[in-house]
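Below are my notes on the model, as numbered points.

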Amino acid sequence: MSATKAYAAQSPTTPLSPFNFERRETGPNDIKIDILYCGVCHSDIHQVRDEWGGSIYPMVPGHEIVGRVTETGNLVKNFKVGDIAGIGCFVDSCRTCPNCQSGLEQYCDNGMVATYNGREKVTNNPTYGGYSTQIVVDEKYTLKVSPNLLLEGVAPLLCAGITTYSPLRHVGVGKGHKVGVLGLGGLGHMAVKFAAAFGAEVTMLSSSPSKEADAKKLGAHHFALTSDKATMNGLQNHFDFILNTVSAQHSYGTYLDLLNTNGTMIVVGVPPTPSEVPAFNLIMKRRSIIGSLIGGIKETQEMLDYCAEHNIVSDVEVINVQDINGAYERMIKGDVRYRFVIDIASLK
Ligand code: NAP
Ligand code: ZN
Ligand code: ZN
């Protein structure tokens, strides 16, 4: 066991505060990682505040983890001490179901083990995430990270990156497609970067007029203010795909109307309460809605390698862990440019 410093939520209504716990021994297939940076995902807020139900306390959030390997088990093949490694949203799964066998561990039929707010398979102990100084994970659930990329910008790729890369690849976004990205936060800004890199014509659909210049810098070809009626009227039946990253309550109908015939809305944002789906907005142009959850280990590695090759990282605001509660408040107001990342040195 090894003593680990962290920040934790003790209940849905208390601010995050210092917390100490023990990580398990490094097993034969495990690697131990000294955490350098951890991104702050809106899912952290949803779970800390128990907005989705079933939260386990104390909760150490954080599933966008980058760090340096400090120890390897004797059966570990792919990592050595000193390597840079990444951990995303899950740290284990059943490994035998059809989804696990085909690299879709996030859809494990027996339930993947979430990096935090989950339970370890054998011990049933709660899992603790990356707002902490170190973590021990089976190498099969650990990603290789190029040391050439800015590491604080890499951390958010482990959730915001793969969550947007995976569905855009799944539906085959590329040249000739018109793509709308709804919501310019952590996921939204990565979606813009990837959709533009894949060759699509990208429109940022945002409720924040102040984000227009940044959206263009991130690679969006157009910016549309969602509260502007004339702009929205001009975009009726326009898009092939809309990637919906919005974290708060909204009706899907308004945005479905922006899809052309056979257009698809990809839902990745998870507001705490169900969203309305008016049937007329779907049937009039044979539109569809699909959902997507993060991505499997193989595809996450593919995404990280793609980012290393194309020099893509997240645009981040680095904070000390002591600033986390204020960062949550800013995210809820949509005031994030475009991912908060905790410098874990501030915990040590
Ligand atoms: P974020 O950084 O806080 O960004 C969310 C953005 O949504 C905001 O910046 C804002 O963009 C827009 N927004 C917020 N409130 C709104 C409202 N009331 N009406 C319209 N737009 C609003 O959050 P994130 O980390 O990107 O996460 C987004 C959502 O995805 C969360 O629900 C999160 O839990 C979920 N998520 C899902 C997966 C998955 O696997 N499917 C993975 C990670 C996260 P504008 O200012 O541009 O409007
Ligand atoms: Zn996340
Ligand atoms: Zn499985």
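1. The cysteine pair links distant parts of the chain, 118 residues apart: Cys41 sits in the loop between strand E3 (30-39) and helix H1 (42-48), and Cys159 in the loop between helix H3 (151-154) and helix H4 (160-170). Both cysteines, Cys41 and Cys159, are buried. Buried means under 20% relative accessible area, exposed over 50%, and partly exposed in between (1.4 Å probe, protein chains only). Helices (H or I, at least four residues) and strands (E, at least two) are DSSP runs numbered from the N terminus.

2. On provenance: this is a predicted model, in which local features need pLDDT of at least 70 and side-chain atom pairs count only at pLDDT 80 or more, while totals for chains, interfaces and linings use all residues. Residues are numbered from 1 along each chain as its sequence is written, chains are lettered from A and ligands numbered from 1 in the order in which they are written, and side-chain values use heavy atoms, with hydrogens and water left out.

3. Ligand 1 is surrounded by 30 residues, the closest being His42, Ser206, Ser207, Ser208 and Arg339; a residue counts as near if one of its heavy atoms lies within 4 Å. H1 and H5 each supply at least two residues of this shell, and H1 gives the most, with 3 residues.

4. Which polar contacts does ligand 1 make with Arg339, Ile294 and Ser292? A polar side-chain atom of Arg339 lies 2.6 Å from an oxygen atom of the ligand. A backbone N or O atom of Ile294 is 2.8 Å from an oxygen atom of ligand 1, and a polar backbone atom of Ser292 is 2.9 Å from a nitrogen atom of ligand 1. The protein covers 90% of the 920 Å² of accessible area that ligand 1 has on its own. A polar contact is a pair of N or O atoms within 3.5 Å; within protein, one must be able to donate a hydrogen and the other to accept it, and residues adjacent in sequence count only if both atoms are side-chain atoms. Accessible areas come from the Shrake-Rupley method with a 1.4 Å probe; for residues, only the protein chains shown count as cover.

5. Helix H5 (residues 186-197) is largely enclosed by the rest of the structure, because 10 of its 12 residues are buried. Among them are His189, Lys193 and Phe194. From first to last C-alpha H5 reaches 17 Å, close to the 16 Å expected at 1.5 Å a residue; the expected span is 1.5 Å times one less than the number of residues. Just after H5, Gly199 takes a positive phi of about 100°.

6. Asp30 counts as buried, at 7% relative accessibility, whereas Asp34 is partly exposed, at 27%. The side chain of Asp30 makes a polar contact of 3.0 Å with that of Arg24 and reaches the backbone nitrogen of Gly27 at 2.9 Å. The side chain of Asp34 is joined to that of Lys348 by a polar contact of 3.1 Å.

7. Most residues other than glycine have a negative phi, and most peptide bonds are trans. The peptide bond from Tyr57 to Pro58 is cis, with omega near -5°, and the bond from Arg337 to Tyr338 is cis, with omega near -15°. Ile294 has a positive phi of about 25° although it is not a glycine; this residue is buried, at 7% relative accessible area. Arg95 likewise is not a glycine and has a positive phi of about 70°.
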